[in-house]
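Q: I have a model open and want to learn to read it feature by feature. Can we work through it together?

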Amino acid sequence: MRLKLGLALVLLLNTVAANASNTDHFLRPINLDSAYINTTNKNEIRAGFDFLRDGDDGFSSQNTYNLTTKYKRAFDTKVPTRASVGLGLSLINYESVFGFDQSELDFSNLLIGLEAAPLNKESLAMSFYFDQSLPTGSDIGYLNPLGDSYAFHVGTRYQVKLLDHLSLFGDLSFNKAFSFDDDSEFSYDYFSYINELVLDTGSKFNPTVAFASSNIINSSYDSGDPFFVIPGAIIPFGEDNKYQARIGVPIGLADAFYDIGVQASFFTIF
């Protein structure tokens, strides 16, 4: 049954792609950075809003709101490279039937990163990256220990053109995070992976679907190994369609922190 559904999906996407125009929208995935490093249009800006709601187990619930911005700059070196910096603002609301209610607003960690793409074509690309999340001095406290921690992410991004107008983007990484607070034993290691299909229909509506998960590999922190399916859409506009409005709906399909959410973001390359 699963095989038949998969074949039906591929045939449907192939039919839509065959009817698409040849307009190049420079489409990029919603939930991850692309592996391809554009050394002609060297600058990228991503800004977005995310809302995530955890599963209500009858005892507690947590809602998280994030505003994020990221700037990336490419360099036309022998092996194309790209640097990035990002910062966010987070609001966390926690409610419990035991009366433990809390709301906190603070800056998220500062993100800096560097990547290189030894294989760098729009149709087939692979890059390797090292990202770091640095504490901003904020104190989100017990609601979000990541607000006062250091983390690094080592991984690879890839993208491949499956059909004329259908591309697959992916990200596989190892992540390590720990607190700078001497009184805290917070620390965890995990693998995360995400794949996203982007269909260029040649119109102002381009559907996407992503599959994302992470696996904790130590016992000090347990997320229940969440798995998400994230349907979405990209709407390009402006001169040469180099601006993109994007929306996504993360849906948790496992024992995840967040069962449902909404993403709205903006992307441009210049």
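Q: Which residues does Ile 194 touch, not counting residues up to four places away in sequence?
A: First, a caution: this is a predicted model. Ile 194 touches Asn 31, Leu 32, Tyr 158, Phe 169, Gly 170, Asp 171, Ala 210, Phe 211 and Ala 212, with residues up to four places away left out.

Q: Which residues make up the largest nonpolar core?
A: Look for buried nonpolar residues joined through side-chain atoms. Here the largest such core has 11 residues in all. They are Leu 27, Ile 30, Leu 32, Phe 169, Ile 194, Val 198, Ala 210, Ala 212, Phe 228, Ile 230 and Ile 234.

Q: Which elements give two or more residues to this core?
A: Strand 9 (187-199), strand 10 (206-216) and strand 11 (227-237) do. Strand 11 supplies the largest share, three residues.

Q: Is Arg 82 buried or exposed?
A: Read the relative accessibility, then apply the cut-off: under 20% is buried. Arg 82 counts as buried because its relative accessibility is 1%. Arg 82 sits in strand 3 (residues 81-96).

Q: Which residues does Arg 82 touch, not counting residues up to four places away in sequence?
A: The list includes Ser 34, Ala 35, Ile 37, Glu 44, Lys 72, Phe 75 and Leu 114. Tyr 36 and Glu 115 are also among them.

Q: Why does Ala 245 count as partly exposed?
A: The partly exposed class runs between the buried limit of 20% and the exposed limit of 50%. Ala 245 has 28% relative accessibility, so it counts as partly exposed. Ala 245 lies in strand 12 (residues 243-248).

Q: How many helices and strands does the chain have?
A: One helix and 14 strands. Of its 270 residues, 45% count as buried.

Q: What share of contacts comes from residues 24 or more positions apart?
A: Take the contacts with a separation of 6 or more. In this chain, residues 24 or more positions apart account for 56% of them.

Notes:
Residues numbered from 1 in each chain as written. Predicted model: local features only at pLDDT ≥ 70, side-chain atom pairs only at ≥ 80, totals over all residues. Heavy atoms only, no water. Helix = DSSP H or I, 4+ residues; strand = E, 2+ residues; numbered from the N terminus. Buried < 20%, exposed > 50% of the residue type's maximum accessible area, 1.4 Å probe, protein only. Contact = heavy atoms within 4.5 Å. Core = buried A, V, L, I, M, F, W, Y, C linked by side-chain atoms within 4.5 Å.
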